[in-house]
Amino acid sequence: MAASGPDAITLRAIAREMGMTPNAIYSYFATRDDLVTTLISDVLTDLADCVDAAWQATAGQSPATRITAWADAFRTWSLNNPQGFRLIFGDPVPGYKAPEGGPAPEATSRICISVTNLAAAAWPHAEHLQHGGDFAWSDFDPALAADVRTAFPDLPPAALALALRIRGRLHGLVSLEVYGHTQGTTAASARLFDEEVSELLQSLGLPATTRSR
């Protein structure tokens, strides 16, 4: 996958790389779908570990500092794992059929809760700045809403909407970098991302953090 992208994932190619016969690898993965599911789960878990570590490392610090650390960890992981990013956020792997409930429900829930941490930390400062209309829990996927309500019983639905918008802002520029769309247009991708994070913080009623790039 790292060499040729998610489209190149086949049991035969992996068996060849490992010096095994194609039949031997079926002792580990009954189907290609099982292999892809395991890869997606591993990649999502690695990302969740990365952003959770950044969040925990800044415990007790200001919301702006913690959000910045999370954002930087997400960008760094994504740029260091471009094919993994493509696997979990890009186009579906051709022919892949995910199991019922998704390929990695636990890791997916962890990332959703992790993103909601950002909105929860900012909410006391950002609540009065939200003018996007009223949201109800029924506006969101029932499983996501249930996870968020369990983890953050005092947060309103509007805070989950804010979490999704935060994710969208951070994901956007990183996705352009991962897919090479900033090449040829700027040599200052890191500074652009820093500026986006600063504006995000200001939109949340938080002070921008000092950057040294």
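Student: Arginine 169: buried, exposed or partly exposed?
Tutor: Partly exposed, because its relative accessibility is 28%. Keep in mind that this is a predicted model.

Student: Which residue does arginine 169 form a salt bridge with?
Tutor: Glutamate 196. The closest N and O atoms are 2.9 Å apart. Arginine 169 belongs to helix 8 (residues 157–178) and glutamate 196 to helix 9 (residues 189–203), so the pair ties together parts 27 residues apart in sequence.

Student: How many salt bridges does the structure hold?
Tutor: Four. One of them joins aspartate 49 and arginine 110, at 2.9 Å from N to O. Aspartate 49 is in helix 3 (residues 32–57) and arginine 110 is in helix 6 (residues 105–126), so this bridge ties together parts 61 residues apart in sequence.

Student: And aspartate 52, what does it form a salt bridge with?
Tutor: Arginine 110. Here the closest N and O atoms are 2.9 Å apart. This pair also links distant parts of the chain: aspartate 52 is in helix 3, arginine 110 is in helix 6, and they are 58 residues apart.

Student: Which residues do the shared partners join into one network?
Tutor: Asp49, Asp52 and Arg110.

Student: Is aspartate 52 buried or exposed?
Tutor: Buried, because its relative accessibility is 15%. The cut-off for buried is under 20%. Aspartate 49 counts as partly exposed, because it comes out at 39%. Arginine 110 is partly exposed too, because its value is 27%.

Student: Switching to aromatics. How many aromatic pairs are there?
Tutor: Five. Take tryptophan 70 and phenylalanine 74: the ring centres are 5.9 Å apart and the planes are at 20°, so this pair is stacked. Stacked needs planes under 30 degrees apart.

Student: Where do tryptophan 70 and phenylalanine 74 lie?
Tutor: Both are in helix 4 (residues 63–80). They are four residues apart, about one turn of the helix.

Student: Buried or exposed, tryptophan 70 and phenylalanine 74?
Tutor: Tryptophan 70 is buried, and phenylalanine 74 is buried as well.

Student: Which residues form the aromatic cluster?
Tutor: Trp70 and Phe74 form one cluster together with Phe85 and Phe89.

Student: What sits over the ring of tryptophan 55?
Tutor: The charged end of arginine 66. It is 4.0 Å from the ring centre.

Student: Back to helix 9. Which of its residues are buried?
Tutor: Ser189, Ala190, Phe193, Asp194, Val197, Ser198, Leu200 and Leu201.

Student: What do the buried residues of helix 9 pack against?
Tutor: Helix 4 and helix 8. Recall that helix 4 holds tryptophan 70 and phenylalanine 74. Helix 8 holds arginine 169.

Student: How does the span of helix 9 work out at 1.5 Å a residue?
Tutor: The 15 residues should span 21 Å. The end C-alpha atoms are 21 Å apart, which agrees.

Student: What follows helix 9?
Tutor: Glycine 205. Its phi is positive, near 75°.

Student: What is threonine 182 in contact with?
Tutor: Leaving aside neighbours within four places in sequence, Leu176, Glu177 and Ser189. Ser189 is one of the buried residues of helix 9.

Student: Zooming out. How many helices and strands does the protein have?
Tutor: Nine helices and zero strands. From the N terminus the order is α-α-α-α-α-α-α-α-α.

Student: What box do the C-alpha atoms fill?
Tutor: Roughly 60 × 40 × 30 Å, taken along the principal axes.

Student: How much of the protein counts as buried?
Tutor: 39% of the 213 residues. The protein exposes about 11500 Å², and carbon and sulfur atoms supply 52% of that.

Student: What share of the contacts comes from residues 24 or more positions apart?
Tutor: 70%, counting contacts with a separation of 6 or more.

Methods: Residues numbered from 1 in each chain as written. Predicted model: local features only at pLDDT ≥ 70, side-chain atom pairs only at ≥ 80, totals over all residues. Heavy atoms only, no water. Phe/Tyr/Trp six-rings, centres within 6.5 Å; stacked < 30°, edge-to-face > 60°. Helix = DSSP H or I, 4+ residues; strand = E, 2+ residues; numbered from the N terminus. Buried < 20%, exposed > 50% of the residue type's maximum accessible area, 1.4 Å probe, protein only. Lys NZ or Arg CZ within 6 Å of the ring centre and 35° of its normal. Salt bridge = Lys/Arg side-chain N within 4 Å of Asp/Glu carboxyl O. Contact = heavy atoms within 4.5 Å. Areas by Shrake-Rupley, 256 points an atom, 1.4 Å probe, with all protein chains shown as cover. Expected span 1.5 Å × (residues − 1).
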